[in-house]
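Morning, everyone. I'll take you through one model today, from the overall fold down to single side chains. Please have a look at it first.

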Amino acid sequence: DGFEMSDRASGESEGQEEFQERAAVAKTTLAEHLLSQLRMATPSEEERRIGEFIIGSLDTDGFLTASVEEIARLLAADETNVAEMVALIKTFDPPGIGAKDLRESLLIQLDEAGLSDSLAATVVRDHLDDLLDRRYPEIARKLKRPIRDVQAAAEMVAKLDPRPGARYATDDPR
């Protein structure tokens, strides 16, 4: 009897492991998602080589950890070509991917939503530290705007994704 129970328990855990492996395989990584967009966006072998390197240089949040100059030097590529590929990747899904930092990522997302001239964009561009620390009265004073407008802008920014690459992280439960 004891043998039968342990046999059943090991069968259940094998089934669970197999399910987890299938689920992991089925989930697309950020790199795979971006590489498929890169393949559709550019037929050039050189552009693809640069784009693949850029995608490989993104951190788990989706931010570009290397400068255009560093990438050009490492690949022995033209800086203009590298800058163009960085700009192209910034247009990929998810919005905000490929930015150098939180500020740029949020601004890309606002731009994509048609809000590049909004109060939210001004707050992100010029007052991000105050925004992150919820110093709305300070922002309102500096911009000479009602605090309710600043709070509405902050609510808009709060709906954006501060870590656009994180939803593709393999250990992320989302």
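Contact, in what follows, means heavy atoms within 4.5 Å. Two notes on the source. This is a predicted model, where local features need pLDDT of at least 70 and side-chain atom pairs count only at pLDDT 80 or more, while totals for chains, interfaces and linings use all residues. Residues are numbered from 1 along each chain as its sequence is written, and side-chain values use heavy atoms, with hydrogens and water left out.

First, the fold. The protein chain has nine helices and zero strands. Those are DSSP runs numbered from the N terminus: H or I, at least four residues, for helices, and E, at least two, for strands. The chain has 174 residues, and 36% of them count as buried. Buried means under 20% relative accessible area, exposed over 50%, and partly exposed in between, with a 1.4 Å probe and protein chains only. Among contacts with a separation of 6 or more, 54% come from residues 24 or more positions apart.

Now the cores. A nonpolar core is a set of buried Ala, Val, Leu, Ile, Met, Phe, Trp, Tyr and Cys residues joined through side-chain atoms within 4.5 Å. The largest one has 20 residues, and Leu34, Ile50, Ile54, Ile71 and Val82 touch the most other members. Helices H2 (30-41), H3 (45-56), H4 (68-75) and H5 (79-89) each supply at least two residues of this core. H5 gives the most, with four residues. A separate core of 17 residues includes Ala120, Ile139, Ala140 and Val157. Back to leucine 34. Beyond four places in sequence, leucine 34 touches Ile55, Leu58, Phe92, Asp93 and Ile97.

Next, helix H8, residues 136-143. Which residues of H8 are buried? Tyr136, Ile139 and Ala140. The face turned away carries exposed Pro137 and Arg141. After H8 comes lysine 144, with a positive phi near 55°.

Salt bridges next. The cut-off is a side-chain nitrogen of Lys or Arg within 4 Å of a carboxyl oxygen of Asp or Glu. The whole structure has eleven. Take arginine 49 and glutamate 46, with closest N and O atoms 3.0 Å apart. They sit three residues apart in helix H3, so about one helical turn separates them. Lysine 90 and glutamate 104 also pair, at 2.4 Å, N to O. Glutamate 104 is buried, at 16%, whereas lysine 90 is partly exposed, at 21% relative accessibility.

Last, aspartate 161. Aspartate 161 bridges to arginine 167, at 3.3 Å between the closest N and O atoms. Aspartate 161 is buried, at 18%; arginine 167 is partly exposed, at 34%. Elsewhere, shared partners join Asp130, Asp133, Arg135, Glu138, Arg141 and Lys142 into one salt-bridge network. Aspartate 161 also turns up beside glutamine 109. Glutamine 109 lies in helix H6 (residues 102-112) and is buried, at 8%. Outside four places in sequence, glutamine 109 is in contact with Pro95, Gly96, Leu160 and Asp161.
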